[in-house]
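Thanks for coming. I will take a few minutes to walk through one structure, so please have a look at it first.

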Amino acid sequence: MSEQKLILVVDDDPDLVEAVSMKLEAKNYRVAKAYDGVEAMDRINEEKPALVILDVMMPRKNGWDVCEEIKNNEGLKDIAVVLLTAVADSVKTTSYTHHDGKTTLADDYIPKPIDLDELMEIVSDHCG
């Protein structure tokens, strides 16, 4: 394998960040971590990851806004973004739905609770 691809995992749930990070590292990816949208943008601008696994509902800046910032920035728009959220399954009155996830600028979408094997397939599709 050539140079390890860097993947940024962003979620306000530290346990989920660790579980996803361990799975990615086992597949020989380098991992960076962030726990809210503002921290995510700082890491993205500093490290230019190949892919961002991005929670939607987070403090300080949500995943929709982070995704839009990435995709509307000429220097960042080629970074793949995979959105993940539990909202559509657990909150019926919200505007966040699976449909919304598919119509954002994100490259892919996976609902929570996430299937780590399915997530690894998505990562592999985008990062090789």
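One term before we start: strands here are DSSP runs of E, at least two residues long, and they are numbered from the N terminus. With that numbering, Asp55 sits in strand β3. Keep in mind that this is a predicted model.

An unreviewed UniProt entry lists Asp55 under "modified residue: 4-aspartylphosphate". Is Asp55 buried or exposed? Its relative accessible area is 2%, so Asp55 counts as buried. Setting aside residues up to four places away in sequence, Asp55 touches Val10, Asp11, Asp12, Gly63, Leu84, Thr85 and Lys112.

Next, the nonpolar cores. The largest one has 22 residues, and those touching the most other members are Leu8, Val10, Ile44, Val52, Leu54, Ile70 and Leu83. Two or more residues come from each of β1 (6–10), β2 (30–34), α2 (37–47), β3 (51–55), α3 (63–71) and β4 (80–85). The most come from α3, which gives four. Take Ile44 as an example: beyond its neighbours within four places in sequence, Ile44 contacts Leu8, Pro49, Val52, Val66, Ile70, Leu76 and Ile79. Apart from this core lies another, of 20 residues, including Leu24, Ile114, Met120 and Val123.

Last, Ile122, which is in helix α6, residues 116–127. With a relative accessible area of 8%, Ile122 is buried. Tyr109 is 13 residues from Ile122 along the chain, and their C-alpha atoms are 8.9 Å apart.

Definitions and conventions. Residues are numbered from 1 along each chain as its sequence is written. This is a predicted model: local features need pLDDT of at least 70, side-chain atom pairs count only at pLDDT 80 or more; totals for chains, interfaces and linings use all residues. Side-chain values use heavy atoms; hydrogens and water are left out. A nonpolar core is a set of buried Ala, Val, Leu, Ile, Met, Phe, Trp, Tyr and Cys residues joined through side-chain atoms within 4.5 Å. Buried means under 20% relative accessible area, exposed over 50%, partly exposed in between (1.4 Å probe, protein chains only). Contact means heavy atoms within 4.5 Å. UniProt positions are given in the numbering used here, feature names are shortened, and annotations may be inferred rather than shown by experiment.
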